Amino acid sequence: MVRAALLMAASAGLFGLMAVTIRLASKQLHAFEIAFFRNLFGMLFASPLLLRHGFGLLRTNKLGFYFLRCVIGIASMLAGFWAIVNLPLAQAVALSYSTPLFVTIGAVVFLGEVVRIRRWTAVALGFLGVIVIVRPGLDGFASGSLVALFAAAMSGTVSISIKYLSRTEPVDAIVLMTTVLWVPLSLVPALFVWQWPEPMSWLWVIAAGFLGTSAHMCWTRALKLGELSALTPLSFLQLPVVILFGWFLFDEKLDAWTAAGAGIILASNLYIAHREAKLARRQVTDPVVTADTASR
């Protein structure tokens, strides 16, 4: 469990640093072009998976589903990168934590999962936190925050697709196939805003690719080793990382609304993760549930 916690903490820190490199690269490059280079270099850093497993890792009978999943993923990435570039870093990252709320809704709609009143209450509480951050109708409202919410919703859809694919596909295959398909898909919007990176911009986009791929690998392995309910709080370590660098590099200060909303969303996510872990353990240990499942 200690190793899982360290991997999750590392993942959160690396994702936070990736957000910082995206903002630094945006001084010269458009968010769409940064997304392309992040995917290009991310694919290069993920290529050792082919050495480990061979090209057979890319064989699948679900290519159409992979493509659809990647189109949705690119929409989420482009919106998320735009939010990181155009919103205060802390606000963009805090809103990205609403993804589990959309995952819960999507699991009911697309996977037929049963969600009871307590988890629906937690989802409602989470969206209250979103409202606190966004502040619709008030002076602090920024329309760009809706782009960040769109990114979170699309990311939730991607998470649902991963749940579906992971039933039959190896985890490394999902990571590699996604990275490979993201490169040409992200190139198309990048061409409309293309300009060749300057030397420092090359450094930032290469770093974004390395940090993003490393963070994703740490994240997937952490979830394999530990329980989601115990690891979820550590994922929020991304927030202090971007708060620190946002203040130090971009003179951004954390406002009380974002802090309060992030706290509410954290509490909601903790309860949702706790309930999912509890139900999963009950299915394994409860003899009534086990017998009922075996009789179907």
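Student: In which helix is R38 found?

Tutor: R38 lies in helix 2, residues 31–46; helices here are DSSP runs of H or I with at least four residues, numbered from the N terminus. The model is predicted, so local features need pLDDT of at least 70 and side-chain atom pairs count only at pLDDT 80 or more, while totals for chains, interfaces and linings use all residues. Residues are numbered from 1 along each chain as its sequence is written, and side-chain values use heavy atoms, with hydrogens and water left out.

R38 counts as buried because its relative accessibility is 10%; buried means under 20% relative accessible area, exposed over 50%, and partly exposed in between, with a 1.4 Å probe and protein chains only. Leaving aside residues up to four places away in sequence, R38 touches M18, M77, F81, V205, A208, G209, G212 and T213, where contact means heavy atoms within 4.5 Å.

Burial can also be followed along whole helices. In helix 5 (residues 89–96), 7 of the 8 residues are buried, so this helix is largely enclosed by the rest of the structure. The buried residues are L89, A90, Q91, A92, V93, A94 and L95.

Helix 12 (residues 238–250) has Q238, L239, V242, G246 and F250 buried. Seen down the helix axis, these buried residues fall within an arc of 95°, so they line one face of helix 12; the arc is that of the directions from the axis to the C-beta atoms. On the other side of helix 12, L244 and F248 are exposed. An α-helix has 3.6 residues a turn, so residues three or four places apart point the same way.

After helix 12 comes D251, in the loop between helix 12 and helix 13 (256–285). D251 counts as exposed because its relative accessibility is 56%.

Another exposed residue is I117, which counts as such because its relative accessibility is 65%. Helix 6 supplies the largest share of the patch, 3 residues.

Terms used. Helices (H or I, at least four residues) and strands (E, at least two) are DSSP runs, numbered from the N terminus.
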